[in-house]
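Hello,

As promised, I am passing this structure on to you. Please have a look at it first, and then read my notes below.

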Amino acid sequence: MKLTTNDLRTALLNAADKMEEHKDELTDLDREIGDGDHGINMSRGFQAVKKELEAKQDFADLGELSKLVGMTLIKTVGGASGPLYGTIFVKFANTWKGVGEAEGDALVSGFEEALEGIKTRGKADAGEKTMIDVWTPFINALKSEGDLSHAIDEGLAHSKTIMATKGRASYFGEATKGVQDPGALSSSLLLNELKEALHD
Ligand SMILES: [Mg+2]
């Protein structure tokens, strides 16, 4: 699997459209087990990313592109998810500095560093009903050359069944079982677009 700078740019433009399509759904879920701002936050952040990427089409490498995206998300997303989504792209930027195309171990390390960043920043781990429950199976499938779509779907479905023990959702306890975590859903939207950008 290979990720080129131009394909990552395209995937992010598509992800911005997906966040917009699912804005109300993300907000409704966050109203059930959070503070109701996730759809608005993700929409604001990814629309800002879209604007930046439409203004600048040529990037030297994955690092330069990821850095701009990370900084833009940190500035605009807000809430608890702003720093988490920003961290993903800051870690991409650090790992892929000067890298025009990432493949093999270099590709996997970008995603692993991003996941470690989310865990550190969110003080969370797998099994706590967060975006980590979608990122973890995605990376495992990437490492084992498994089915990425299936991994995303399975992670999302499993995260829905378990109880939230981190973040604001944890205050809702048992009531969170059976409700989709909005951060897991927005991560599945992003990862589905990143998956499309990966080629043999
Ligand atoms: Mg929220």
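Glu-113, if its neighbours within four places in sequence are set aside, is in contact with Lys-91 and Thr-95 (contact means heavy atoms within 4.5 Å). Glu-113 lies in helix H6; helices here are DSSP runs of H or I with at least four residues, strands are runs of E with at least two, and both are numbered from the N terminus. With a relative accessible area of 37%, Glu-113 is partly exposed. The cut-offs are under 20% relative accessible area for buried, over 50% for exposed, and partly exposed in between, with a 1.4 Å probe and protein chains only. From Glu-113 to Trp-96 the C-alpha distance is 11 Å, and the two are 17 residues apart in sequence.

Before you go further, please note that this is a predicted model, in which local features need pLDDT of at least 70 and side-chain atom pairs count only at pLDDT 80 or more, while totals for chains, interfaces and linings use all residues. Residues are numbered from 1 along each chain as its sequence is written, and side-chain values use heavy atoms, with hydrogens and water left out.

Helix H6 also holds Ser-109, which is partly exposed at 23% relative accessibility. Ser-109 and Leu-65 are 17 Å apart, C-alpha to C-alpha, and 44 residues apart in sequence.

Now to the metal. Which residues coordinate the magnesium ion? They are Asp-30, Asp-35 and Asp-37, each through OD, at 2.0 to 2.3 Å. Along the chain, the donors of the magnesium ion have the spacing D-x4-D-x1-D. Donors are N, O and S atoms within 2.8 Å of the metal (3.2 Å for Na, K and Ca), and water is not among the atoms, so sites may look incomplete. Asp-30 is buried, at a relative accessible area of 8%, whereas Asp-37 is partly exposed at 24%.

Leu-190 touches Leu-12, Ala-15, Met-19, Phe-46, Tyr-85, Phe-89 and Trp-135, not counting residues up to four places away in sequence. As background, nonpolar side chains in soluble globular proteins tend to be buried together.

Helix H7 deserves a look of its own. Ile-139 of H7 is buried at 3% relative accessibility. Leaving aside neighbours within four places in sequence, Ile-139 is in contact with Phe-111, Glu-112 and Leu-115.

Helix H8 contains Ser-159, buried at 0% relative accessibility. Neighbours within four places in sequence aside, Ser-159 is in contact with Lys-129, Asp-133, Gln-180 and Ala-184.

Most residues other than glycine have a negative phi. Lys-123, in the loop between H6 and H7, has a positive phi near 45 degrees and is exposed at 66% relative accessible area. Glu-145 follows H7 and sits in the loop between H7 and H8. Glu-145 has a positive phi of about 55 degrees and is exposed, at 74%.

Finally, a helix pair: H1 (residues 5-21) and H3 (residues 38-55) pack at an angle of about 145 degrees, with axes 9 Å apart. Axes are lines fitted to C-alpha atoms, for helices over the stretch in contact, and angles run from 0 to 180 degrees between N-to-C directions. Among the residues that meet are Leu-12, Ala-15 and Met-19 in H1, and Met-42, Phe-46 and Leu-53 in H3.
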